[in-house]
Amino acid sequence: MTTTAVRKDGPAAVTPTPTIGGHFRNYLSRVRGGDVGALPAVLGLIVLCTVFAIMRPSSFLSAGNFANLFTQGAAVTLIAMGLVFVLLLGEIDLSAGFASGVCAAVLANVVTVLGYPWWVAVLAAVATGVVIGTTLGMLVAKIGIPSFVVTLAGFLAFQGVVLLLVKEGTNISVRDDVLVAIANRNLAPTLGWGLTALAIIGYAAVQLLRHRNRAARGLITDPIAVVALRIVGLAVILGTAVYVLNLERSRNVLISSLKGVPIVVPIIVVLLVIWTFVLQRTSYGRHIYAVGGNREAARRAGIDVDRIRISVFVICSSMAAIGGIVAASRANSVDPNTGGSNVLLYAVGAAVIGGTSLFGGKGRVLDAVLGGAVVAVIENGMGLMGYSAGVKYVVTGVVLLLAASVDALSRRRAAATGTR
Amino acid sequence: MSATPLLELRGIDKSFGPVQVLRDVALTVHPGEVTALVGDNGAGKSTLVKCISGIHPTDAGEFLFNGEPVHIGSPRDAAALGIEVVYQDLALCDNLDIVQNMFLGREKRNGIVLDEPTMEQLAAETLAGLSIRTVTSLRQHVSSLSGGQRQTVAIAKAVLWNSKLVILDEPTAALGVAQTAQVLELVRRLADNGLAVVLISHNMNDVFAVSDRIAALYLGQMVAQVKTTDITHAQVVELITAGRSGGLGLATDPGSNGDGPQAADSISGGVR
């Protein structure tokens, strides 16, 4: 996960010979103009971690707790990644939480009750997500019901479907080794390092190739120092994280060893890379931004707006399915509350805290990961400090409200300074 | 006057339910010329443009493009012929940058990956070809541009596709004096580059400043199509408001009452 605050895709420097200073002045003026991007999430993350580290130095800063953060926040983050697509169109999917519950229940039924192998169950869960998303998308795009109402109805109905699928209140355990491993096992330390090296080399190659390609054509490029800084920044962050995760976390090494990167982490990173690629580098992604920015303009440009609107709901529900699989894996079971209670609000909160606009047209998949980290840190830190669930909910609610205010205010500021 | 008109419309009829909006409309547009399309509110200018651009199907009539009969059934058909429309509300996405907007819906790709460098280069060349120097960075979001710059981008977007006919719907309506001058200059340059331009405007100063020909619509009928040099300001206003001016326009009063006597008494223009 990269937490560099520098946006990769920001407008290039105005001057034809860009300097590092110019680049950062440019970035600062954009922030002042209301284009804050992921800055609030990154700052919030730093502040929260500092506060919790001071209050609970031994427990919050332990390697075990750090690994916990990832498995705790994984399901919400995955659902939030899908929600970003819906939010980009200025729509909302309130049913994503229970959609993940339905998909998890399908998974549990297929693997435990029917006894099929894990991959059949995973395919069935994701297929369920695709069906749910297609239905929601059709109702929104073709019939024209506001997404708020469609997905609110879905929220209720899917809650019922989960109840029906798990036979009225019992729970179905998930015992399949592969499925349980997703959220409960770790990569071997060497494999963790190998994948990290691969990720850094891949990122560096993409960045340097793009820089060279643009420079060769005489286009404005970011200064090479900024590119290098990004690569080094990513390497430092990934390297530190993997180093800490590879420390021994077991309380008693003689009984069992516990170290390595949790398996959900590479899953999230791969999905982050794939969806970021789709949004930033394909015309489909470009069209999502266009429909979110100005639907009429998109229609006149020959973009099939209905198809785009349906497809984002499909992506959202499919990601919810993956989130549901991770949740089922973490709990080792599926019960009527899987994907329920605060999961949806945490997911919407994660996307918005990360910098995705509720007004559409602005947001990145990375936002969901950063926001998911903020939500996970709050939940985790407050738990360590012994606060009750009530206090946690209130704090998370306040943080969500803060994030939405930042979104609304930065929008107003941007309108005033003409940068949006 | 060029030999073959680029676009020729004959006998276009268009109704929305019981309301007949266009009645036997004829229009010729020549390459290298700016044809101003004038008319009062509700005269049918926007409907005519939407028929040309394929948004509305016509009820009757023929389209000739370069002398060949063509059928325009959708915006894609129009785009394939090289007809581009710049709408009044610009149809730009505020959250995308200039290059992204110019290529919206027709992105250049390498396999499935967007080919950003090529798009940026082509956009830069197009803007340079139109002598547009008012934008500092091609990668700035459209939201940060002034009204005139947005209009410029919208026009450049239309020109990018080797278009042959560019239709501008009130391009100067929301602009200040200096920006209006810039945009009109650009409109003139388009025609001088050999494109056919149709300019819809309410502003007579704009019309007389850049147009070569004036086509006047009155209550869904094409009442006159004349060279700009052959007509006066006052006559155009009369054509717009009354449907005729001296020897120009409707021969007899088409049943619309009130305006008739005034038009009949007016000074004779005696052209055509």
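Trainee: How many bridges join strand S1 to strand S4 of chain B?
Mentor: There are 5 bridges between S1 (residues 7-16) and S4 (residues 60-65) of chain B, and the two strands run antiparallel. Strands here are DSSP runs of E with at least two residues, helices are runs of H or I with at least four residues, and both are numbered from the N terminus. Two strands count as paired if DSSP finds at least two bridges between them.

Trainee: Which residue of S4(B) does Asp13(B) stand opposite?
Mentor: Asp13(B) stands opposite Ala60(B). Before we go on, keep in mind that this is a predicted model, where local features need pLDDT of at least 70 and side-chain atom pairs count only at pLDDT 80 or more, while totals for chains, interfaces and linings use all residues. Residues are numbered from 1 along each chain as its sequence is written, and chains are lettered from A and ligands numbered from 1 in the order in which they are written.

Trainee: What is the strand order in that sheet?
Mentor: The order is S2-S1-S4-S5 of chain B, in an open sheet of 4 strands with antiparallel pairing. Its edge strands, each pairing on one side only, are S2 (19-29) and S5 (68-70) of chain B.

Trainee: And what is the order in the sheet with 6 strands?
Mentor: That open sheet of chain B runs S6-S9-S10-S3-S11-S12, and its pairing is mixed. S6 (83-86) and S12 (221-227) of chain B are the edge strands, each of which pairs on one side only.

Trainee: In which sense do S9(B) and S10(B) pair?
Mentor: S9 (residues 165-169) and S10 (residues 196-200) of chain B pair in the parallel sense, over 5 bridges. Leu165(B) has Ala196(B) as its bridge partner in S10(B), and Ile167(B) has Val198(B). S6(B) also pairs with S9(B) in the parallel sense, over 4 bridges, and there the partner of Glu84(B) is Val166(B).

Trainee: Why is S9(B) described as largely enclosed by the rest of the structure?
Mentor: S9(B) is described that way because 5 of its 5 residues are buried. A residue is buried if 20 or more other C-beta atoms lie within 10 Å of its own, exposed if 12 or fewer, and partly exposed in between, with C-beta atoms placed from the backbone. Both faces of S9(B) are covered, with Leu165(B), Ile167(B) and Asp169(B) buried on one side and Val166(B) and Leu168(B) buried on the other. In a regular strand the side chains alternate between the two faces of the sheet.

Trainee: Changing topic, at what angle do H12 and H14 of chain A cross?
Mentor: The axes of H12 (residues 283-293) and H14 (residues 305-331) of chain A cross at roughly 105° and come within 10 Å. Axes are lines fitted to C-alpha atoms, for helices over the stretch in contact, and angles run from 0 to 180 degrees between N-to-C directions. That makes H12(A) roughly perpendicular to H14(A), since angles of 65 to 115 degrees count as roughly perpendicular, under 35 as roughly parallel, over 145 as roughly antiparallel and the rest as oblique.

Trainee: Which residues make the contact?
Mentor: H12(A) gives His287(A), Ile288(A) and Val291(A), while H14(A) gives Val305(A), Ile308(A), Arg309(A) and Val312(A). Two residues are in contact if their C-beta atoms, placed from the backbone, lie within 7 Å.
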